[in-house]
Amino acid sequence: MSTPEDIERQRDVLRAKAMDPSRIDLSQADDALVLRAQNGDHDAFGELVNRHQRRVWMVCRQYVGAGEADASAQDSLVKAFTRIGDFDRRAAFSTWLTRIAINTCLDELRRRRREAIVDDESDGDEAPNRLDLLQDGAAGPEGRSMQKQAVASLLAQEKELPPRQREIFRLRFYAEMELEEIASTLDVHVGTVKTQLHRAVHKLREELGEYR
Amino acid sequence: MKSHLEEHEITAAVAGLELEATVEEHLGSCVSCRQQVSAMRDVIDARRGDLEAEAPDWERQRQEIMLQLPSMPTIRSSRRRVWARPLLAIAAVLVAAIGLRALWAPAPVVDPGVVSELPVEQILAEVDAMLADDSIPGFELLDQGMDDAVLDNGTS
């Protein structure tokens, strides 16, 4: 059985993988697949889908909600193949793809004439909570309950953030994008991303004071 | 060695922003500060876990995407643009040059040595003489008496 220290160490490793800018960079390997896909190689594009579909879905999830995320993600990836001839490698393939996903979601939102970032996330409660699945020996029922409340509070406070801060916060932590990638995708300076992210986290930490 | 990290430093660590070496060092050795960072990240991680639990079956999604793909991507529009732009520029320059040339072209020079083949002066003199002459053929009065009667009647 894992000790709390082991679990903490595993979490650190996972975080390091998620946040370390030097994490495995797939962009070079993507380039070869992109080249083949540009010549109509479906297998190559299938491999690109394998690599990036999770992030595309997570990005779509932030913009259009759980109900539409799957459809928007599929639409984005099909569009990516259709327009892959336009990809000029000035940015990483993942960045280009993320931009397509965001534009697809914004088109969908415009069509629906709804707010840019979905606020109604009550459906999230219906999904199984990962906290219940965590094999954290240190966290008893009380601890898990506290964390559930903290997560609910985080969600509520996220909605209070200014739209740009909320967008950057979610792309950073839920879509697990690097700062430079976010900047490139949103076409803003990386300094802006850092500032907005810092403000968002600061505000959330303040609001979540009793849980953190 | 710092006593404890400032609020903004904890925030930066949570956000995964670049930290100063002293902050990194302190974070490595101070359990209290590290706990503050990890507590917030735990909440964020848990939220991300909730979102991931909603994710579709990736293989099924991939298969559905593959079924929707066209046989070939569209032709590279960027390649077309590369050639189209200079061509359009050249065409615009040509049109402008032709237009300017038409505007600025000097009037055709008439050679003073070239004399008109028509005797213009003579023709004009003949016309003047004809107009001065009342007896233009075909317009003579048929009956001078009738002309006088018309004048007496006061009508024309």
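How many residues does the contact take from chain B, and how many from chain A? In this predicted model, chain A contributes 58 residues to the contact and chain B contributes 46 residues.

**View 1. Buried area between chain B and chain A.** About 4900 Å² is buried between the two chains, and carbon and sulfur atoms give 61% of this area. On the side of chain B, the residues that lose the most area to chain A are Met40(B), Arg47(B) and Glu54(B); together they account for 13% of what that side buries.

**View 2. Salt bridges and polar contacts across the interface of chain B and chain A.** Five salt bridges are found across this interface. One pairs Arg60(B) with Asp70(A), with 3.2 Å between the closest N and O atoms.

**View 3. The side of chain B that touches chain A, by element and class.** The elements of chain B that give two or more residues to this side are α1 (7-15), α3 (31-53), α4 (58-68) and α5 (77-104). Of these, α3(B) gives the most, with 17 residues. By class, this side of chain B holds 21 nonpolar, 13 charged and twelve polar residues.

**View 4. The largest nonpolar core.** This core has 72 residues, and those touching the most other members are Phe45(A), Tyr63(A), Leu154(A), Phe169(A), Leu171(A) and Leu197(A). Helix α3 of chain A (residues 42-64) supplies the largest share of the core, eleven residues.

**View 5. Surroundings of Phe45(A).** Leaving aside residues up to four places away in sequence, Phe45(A) touches Ala37(A), Leu77(A), Ala80(A), Phe81(A) and Ile84(A), and also Leu69(B).

Conventions: Residues are numbered from 1 along each chain as its sequence is written. Chains are lettered from A and ligands numbered from 1 in the order in which they are written. This is a predicted model: local features need pLDDT of at least 70, side-chain atom pairs count only at pLDDT 80 or more; totals for chains, interfaces and linings use all residues. Side-chain values use heavy atoms; hydrogens and water are left out. Contact means heavy atoms within 4.5 Å. Buried area is the accessible area (1.4 Å probe) that two parts lose on being put together, summed over both. A salt bridge is a side-chain nitrogen of Lys or Arg within 4 Å of a carboxyl oxygen of Asp or Glu. A polar contact is a pair of N or O atoms within 3.5 Å; within protein, one must be able to donate a hydrogen and the other to accept it, and residues adjacent in sequence count only if both atoms are side-chain atoms. Helices (H or I, at least four residues) and strands (E, at least two) are DSSP runs, numbered from the N terminus. Ala, Val, Leu, Ile, Met, Phe, Trp, Tyr, Cys and Pro count as nonpolar, Asp, Glu, Lys and Arg as charged, and the others, Gly among them, as polar. A nonpolar core is a set of buried Ala, Val, Leu, Ile, Met, Phe, Trp, Tyr and Cys residues joined through side-chain atoms within 4.5 Å. Buried means under 20% relative accessible area, exposed over 50%, partly exposed in between (1.4 Å probe, protein chains only).
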